[in-house]
Amino acid sequence: MGTKPKLKVNWPALPNSVRVEAEKIVTDLLNKTQESELILESILSLGRSREKELADPVADGAVYTPYPVAEQLVNHIDLQAGQSVCDPAMGAGVFLIAAAEKRFHLGQSIESIAKQTAGADIDAVSVEVAKLSMQLWSWLRGTTVVSFDGLVCADPLINPPTDWVESFDVIIGNPPFLGQLKSRTTRHKNRAEQLKQIYGKLATQYVDESALFLLASLNLVTQKGTVCLIVPTSIFGAASARPIREHIDEVMPMSGLWVGGRNVFTEAKVDVLAPILSSQRKTSVHIYFQKPEMSPTEVKRGNNGSWGAILANALGVPSIDAVIDKELQSEATVTADFRDAYYWLSERVEEDGFQTDRKKIGKLATVGLVDPLTFNHGKKEVRFAKKKYLEPVVVIENNPPNNFSGWLKRRRVPKILVATQTKVIECVVDEIGDLIPSTPLIIIEPTDPNKVWHLAAALSSPIGAAWAASEAAGTGLGANTVRLRASQLNLFPLPEIGSEWDTAADLAHSIQIDGGSEKTFRDFGLVINRAYGIEDDGLLQWWINRLP
Ligand SMILES: C[S@@+](CC[C@H](N)C(=O)[O-])C[C@H]1O[C@@H](n2cnc3c(N)ncnc32)[C@H](O)[C@@H]1O
């Protein structure tokens, strides 16, 4: 049995469970009876015990990372011996242990690792657990205890320790995810104000706390350093994080991306990613997956270098290098209906053929009736307001209330109806203004009604599907479901005017009127791709496979 070295820890601050486990580890280290890997396991479990003590880890943004995940990320950033590492929201220090292990096995001394390890947490108890864990680790790998004085109780978003500025080779970790759309995790008004003062316009009202940690890390890392933080996938698509994404892209673009998926944490089912940022701007991005069965790959940044597009490419959506002339908003108005209209409609829908003295004003269109360039009215039974219909029509009293008569008038015009939550953009044309849409269909009204088939052809195109999948990839739904909002569709890319777009518009028209087969869709896809300047068979085949 060796002599017991002194641990620099505030023991009374530690939870009882952690103290008991730590004493057991100390005994194992003194007796040298346990295998070192088992002792490492026990050191790592101190963090899990701390996490269990927290009343609501999700609301505190304190869901700890499993050690194998921290190890994976440390390997992906290619951490070298001699580099300094900081976790700005370290919890019990799992990333710091993974980083210490890596540098130790590369030959760096424990004393030097201790000097080059920094971390912060706002929770003083977690800081004590992290200090304890790191000291026990140093004892395990060395001959005695080395203290880790760079671990502090601080909020690096507001008050980073002064000696932290631009001083770390690597910033790594899993900062708190505090979504601002849920009351459980919204930040206090004073804090929001402080963040605004520090980060200006980048600290938008609804931006997730984790995106701010990415931003703050840019000030802490050295010029040639690396930042790698686990974040919720939603910040890749959220409008509130767009200013931060664009700023980061300018200063420290993504050179790698780790795709975690939804099963990284046991306590919270949240889809996560870890962008790897470095100062060198590269034409491609390395992609790593948490799932071992998925091999690493590389994706080109392409014209559309948005984070959503990079993720979509990583998930198999072809990249879009199309000739884009305009956005949809310059040729049409895009709107979504309001819930009230749905409730009003729900009392005025009947099966066709049964109306008596009231006025039939048009066919009801629902998401379930819309397939790509196919309107299934009368062909497919559909549910609306808990009832089933084959040919639902809207029947109204002679004088509908004012607000609805105005709404109806605006709806009874030539338009395109777009279904959401699909695998490609599914839309149909209503040339004569005969269809009454119900939410959540999106309504596109062309400025020039003669262009309605052109716009429908563009929306229904393979490019349209790839664009929508890229937009959707960043929402956390994955790239397999296209969920579009009207505001996103405003930015839909349109091709250049020309004979190919004209032909595609004619083909779209004949598919909707006469019905489509795989061949007609393929012919349509080829022509509209050419209108976008694309000759790529891969995109066409990807789109065919996604068609319902
Ligand atoms: C998601 S946990 C992850 C902890 C650790 N990095 C891990 O991966 O296991 C986030 C940690 O951030 C801490 N935290 C929350 N807000 C913070 C802030 N503003 N500054 C520093 N730490 C914060 C929480 O106490 C929690 O320990």
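Biologist: In which loop does K32 lie, and is K32 buried or exposed?

Modeller: The model is a predicted one. K32 lies in the loop between α1 (16-31) and α2 (36-53). Its relative accessible area is 67% and the cut-off for exposed is over 50%, so K32 is exposed.

Biologist: What is the phi of K32?

Modeller: Most residues other than glycine have a negative phi. K32 is not a glycine, yet it has a positive phi, with a value of about 55 degrees.

Biologist: Which class of accessibility applies to A385, and where is A385 placed?

Modeller: A385 is placed in the loop between β17 (382-384) and β18 (387-389). A385 is not a glycine but has a positive phi of about 45 degrees.

Biologist: Is S278 buried or exposed?

Modeller: S278 has its place in strand β8 (residues 272-278). The relative accessible area of S278 is 11%, and the cut-off for buried is under 20%; therefore S278 is buried.

Biologist: Which residue's side chain has a polar contact with the side chain of S278?

Modeller: Not counting residues up to four places away in sequence, S278 touches G225, M252, P253 and S255. A polar contact of 3.1 Å joins the side chain of S278 to that of S255.

Biologist: Is E426 buried or exposed, and in which strand is E426 found?

Modeller: E426 is found in strand β21 (residues 426-430). Leaving aside neighbours within four places in sequence, E426 is in contact with V370, D371, P372, L417, V418, A419 and P548. The relative accessibility of E426 is 7%, and buried means under 20%, so E426 counts as buried.

Biologist: How far apart in space are E426 and L215?

Modeller: In sequence, E426 and L215 are 211 residues apart. From C-alpha to C-alpha, the distance in space is 37 Å.

Biologist: How far apart are the C-alpha centres of domain 1 and domain 2?

Modeller: The protein chain is divided into domain 1 (11-293) and domain 2 (326-546). The C-alpha atoms of the protein chain fill a box of roughly 95 × 50 × 45 Å along the principal axes. Between the C-alpha centres of domain 1 and domain 2 the distance is 45 Å.

Biologist: What share of contacts in the protein chain joins residues at least 24 apart in sequence?

Modeller: The secondary structure of the protein chain comes to 18 helices and 24 strands, and buried residues make up 55% of its 548 residues. Among contacts between residues at least 6 apart in sequence, the share that joins residues at least 24 apart is 74%.

Biologist: How far apart do the centres of the positive and negative side chains lie?

Modeller: The accessible surface of the protein chain comes to about 24400 Å², with 50% belonging to carbon and sulfur atoms. The chain has 57 positive and 65 negative side chains. The centres of these two sets lie 4 Å apart.

Terms used:
Residues are numbered from 1 along each chain as its sequence is written. This is a predicted model: local features need pLDDT of at least 70, side-chain atom pairs count only at pLDDT 80 or more; totals for chains, interfaces and linings use all residues. Side-chain values use heavy atoms; hydrogens and water are left out. Helices (H or I, at least four residues) and strands (E, at least two) are DSSP runs, numbered from the N terminus. Buried means under 20% relative accessible area, exposed over 50%, partly exposed in between (1.4 Å probe, protein chains only). A polar contact is a pair of N or O atoms within 3.5 Å; within protein, one must be able to donate a hydrogen and the other to accept it, and residues adjacent in sequence count only if both atoms are side-chain atoms. Contact means heavy atoms within 4.5 Å. Domain bounds come from an automatic or database domain assignment. Accessible areas come from the Shrake-Rupley method with a 1.4 Å probe; for residues, only the protein chains shown count as cover. Lys and Arg count as positive and Asp and Glu as negative; His and the chain ends are not counted. The place of a charge is taken as NZ of Lys, CZ of Arg, CG of Asp or CD of Glu.
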